[in-house]
Amino acid sequence: TFNDGERVEGFSNPCWTLCEAALLRLGMDGVAAMKLLGLSCALSAVLLVWRLEERLGLGGWAGLGALWAASHPSFLMYASSGMEAPMAAAALAAGALALARAEAAGRPPGVGAALALALAALTRPETGLAFPIALLPWAWRVLRGKIPWRSLVPFVLAFALPLAAAALARGLYFGTTV
């Protein structure tokens, strides 16, 4: 840093950084560990997208989106780059699948969907936009009186609490929450 003793947050991906730190602590080579983690997350993302397509009832078309993602040059590049994009993709796909399951069951989104979306947001900040987008149809149902607003509280809290905890930790360690 420019000023000695000043703490500077040099990352925008806390979940990825924590995973990297854990793998380094276990004695793994940093580059190999990050590439392995990236490839594992990319494979998970593809499988989750495939499962989502099946859940959405796409019939014979199910799997085409997963195949497209798995063969896209940018996805392949990030999968093996050792960067956090595949983890964010896998978390978003897991959140979307959990939301689709809730919709199919006729129940409000649950804690699992919210935690997956929170993981995505703590991996890549811009993916946090998925949460309000996911919340919109349920909020519309509340406004129309189709479901009680209380049914969304676990979903909102399960998303907000991990982000609040991360902001608190950031504030305590770095002296700022942004």
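I began with burial: of the 178 residues in the protein chain, 33% count as buried. Buried means under 20% relative accessible area, exposed means over 50%, and partly exposed lies in between, with a 1.4 Å probe and protein chains only. The model is predicted, so I noted the limits: local features need pLDDT of at least 70, side-chain atom pairs count only at pLDDT 80 or more, and totals for chains, interfaces and linings use all residues. Residues are numbered from 1 along each chain as its sequence is written, and side-chain values use heavy atoms, with hydrogens and water left out.

**Entry 1: overall layout**

I counted eight helices and zero strands in the protein chain. Helices (H or I, at least four residues) and strands (E, at least two) are DSSP runs, numbered from the N terminus. The C-alpha trace spans about 55 × 40 × 25 Å along its principal axes. I then checked contacts, meaning heavy atoms within 4.5 Å. Among those between residues at least 6 apart in sequence, 63% join residues at least 24 apart.

**Entry 2: surface and charge**

The protein chain exposes about 10500 Å², an area from the Shrake-Rupley method with a 1.4 Å probe. Carbon and sulfur atoms supply 69% of that area. I found 13 positive and 10 negative side chains. Lys and Arg count as positive, Asp and Glu as negative; His and the chain ends are not counted. The centres of the two sets lie 15 Å apart, with each charge placed at NZ of Lys, CZ of Arg, CG of Asp or CD of Glu.

**Entry 3: helix H2**

I looked up H2, residues 30-55. Its 26 residues reach 37 Å from first C-alpha to last, close to the 38 Å expected at 1.5 Å a residue. The expected span is 1.5 Å times one less than the number of residues. Its buried residues include Gly 30, Ala 33, Met 34, Leu 37, Gly 38 and Cys 41. An α-helix has 3.6 residues a turn, so residues three or four places apart point the same way. What covers the buried residues of H2 includes H1, helix H3 (64-71), H4 and H5. Gly 57 follows H2, and its phi is positive, near 70 degrees.

**Entry 4: helix H6**

H6 covers residues 111-123 and has 13 residues. It reaches 18 Å, close to the 18 Å expected. Among its buried residues are Ala 113, Ala 114, Ala 116, Leu 117 and Ala 118. Which helices do the buried residues of H6 pack against? I found H1 (14-25), H5 (85-105), H7 (130-143) and H8 (153-174).

**Entry 5: salt bridges**

The structure holds five salt bridges, each a side-chain nitrogen of Lys or Arg within 4 Å of a carboxyl oxygen of Asp or Glu. One of them joins Glu 9 and Arg 170 at 2.8 Å, N to O. Glu 9 sits in the segment before H1 and Arg 170 in helix H8, 161 residues apart. Glu 9 is partly exposed at 23% relative accessible area, whereas Arg 170 is buried at 19%.

I then turned to Arg 124. Its side chain meets Glu 84 in a salt bridge of 2.7 Å, N to O. Arg 124 lies in the loop between H6 and H7, and Glu 84 in the loop between helix H4 (73-79) and H5, 40 residues apart. Glu 84 is buried, with a relative accessible area of 9%. Arg 124 also meets Glu 126, at 3.0 Å, N to O. Glu 126 counts as partly exposed at 46%. I logged Glu 84, Arg 124 and Glu 126 as linked in a network of salt bridges.
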